Amino acid sequence: MIHSLSYIGFSSPGYEEWLTFGPEVLGMQVAGRGPDGAVRLKVDDADYRLAIHPGEEHANEYLGWNVRTPDNLHALVRRLTDFGIEVHEGKPDLLQERAVAGLAWFIDPFGNRHELTWGQSRHPASFRPGRAISGFVTGEQGLGHAVLVVPDMQQANDFFTDVLGFKLSDRIIDPPLTAQFYHVNGRHHSLAIAEVPGASGFQHLMVEVASLDDVGTAYDLCEQRDVPIVLTLGRHTNDLMTSFYLYTPAGFHLEYGHGGLQVDDSLWEPATYTQTKIWGHQGTKHRDELPFALFNKPNSLERNAE
C-alpha cells in the first residue's frame, strides 16, 4: 500500500548551509522555511521533498511514505496496530507543515520515525532548479531511496515486508556488507536495509537525475567546492545506477545518480549479488574519516515521539 518515498527530514547544526548547497551543488530549489526555520528543498512540483531542521546534532528525524488513498492509510494503521506498534494521528499543524491531506506516524522497532501520508500538495510547472540541470527522476517513483542500518536482518525484513508491504528486489552479500533492497513502485528500490549488529540508524539518501551529464557536473562541483566525496563515480551491480556518494552538511551520505533499473513485478525475480559494483565506486579517504551513518541513540524513541 505504500507507493513511494514522498519526503524526508533531518536536523543539523549545519542546516543554513543548505541554502546554497542544495541549489548550487545538487540543483535543488529552495522552497522557503519551515515553522522552526528548517530549510526546505524542492526537486519537482511537490511543495518540498527534503527538509533540514535546526538541531544541535546531525540526525534523521523522519521518513515520509506516500499511500494512494485515505483507505490505504487506515488499512496500514490497522496492520501496524495489530502488530503492536503505537500509531499517532497527525495533528492539523503537522499536516500543514508537511503539506499533506492526511498523516499518521509511528516509530519502527529500530527507533526510526516513519510518517504515512496521502494527498501531498503539488503545483504543476513550479520547479525552478538552483542551477542548470535536466531535472530529477521522481513522479510515481517518489523522491528516491533511503538506506537504513538495522541490527537484525531477519527481524527488519519481516517488519518491512509483512507489516508495511515492501517487496524484495534483491540482496547483496559482500562481507562485511549484508544488504537487502525493496521496491514499492517501478524504482528498483525505495528502501534498503544494511545489517550492523547492535546498531540502527540512517545511512544514505539517493536522488536520481535525468542525465548522466548532471551527475558529472555535480561531481565536478563537489571537487571544486571541497565537498567530501566518499565513493567515486561507479555503477552498481543490482540496480545499474551510475552514481557517486558525497557527505552532506547535514551529516548524512547522499548518492547522486542516473539510469537506475526499473522493476516489472510480473517478470521480476530477486537475485543475490556478491559485490556492490560493476566498476568504480572507489572509497576515498573521506569514507574512512567520516561517520558511516547517523546512528540512533538510546533516547531516539523519546526524541522522535515529541
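Visitor: How many cavities of 30 Å³ or more does a search of the whole structure find?
Guide: This is a predicted model: local features need pLDDT of at least 70, side-chain atom pairs pLDDT 80 or more, while totals for chains, interfaces and linings use all residues. Residues are numbered from 1 along each chain as its sequence is written, and side-chain values use heavy atoms, without hydrogens and water. A cavity is a set of points on a 1 Å grid over the protein atoms alone where a 1.4 Å probe fits but cannot get out. With that rule, the number of cavities of 30 Å³ or more is one.

Visitor: How much space lies in the largest cavity?
Guide: Its lining residues (an atom within 4 Å of a point) include His145, Arg187, His188, His189 and Glu208. The lining divides into three nonpolar, five polar and three charged residues. Nonpolar means Ala, Val, Leu, Ile, Met, Phe, Trp, Tyr, Cys and Pro; charged means Asp, Glu, Lys and Arg; the others, Gly among them, are polar. Volume is the space filled by probe spheres set on grid points, which are joined across faces, edges and corners; here the value is about 50 Å³.

Visitor: What volume has the largest pocket?
Guide: A pocket is an open set of points with protein on both sides within 12 Å along at least five of seven lines. The largest one is lined by 29 residues, with Leu177, Leu231, Thr276, Arg287 and Phe292 nearest its centre. They divide into 14 nonpolar, nine polar and six charged. The volume is about 770 Å³.

Visitor: Which residue forms a salt bridge with Arg33?
Guide: A salt bridge puts a side-chain nitrogen of Lys or Arg within 4 Å of a carboxyl oxygen of Asp or Glu. The whole structure has nine. In the Arg33 pair, the closest N and O atoms are 2.9 Å apart, and the partner is Glu16.

Visitor: Which residue does a cis peptide bond join to Pro175?
Guide: Omega of this bond is about 10°. The partner is Pro176.
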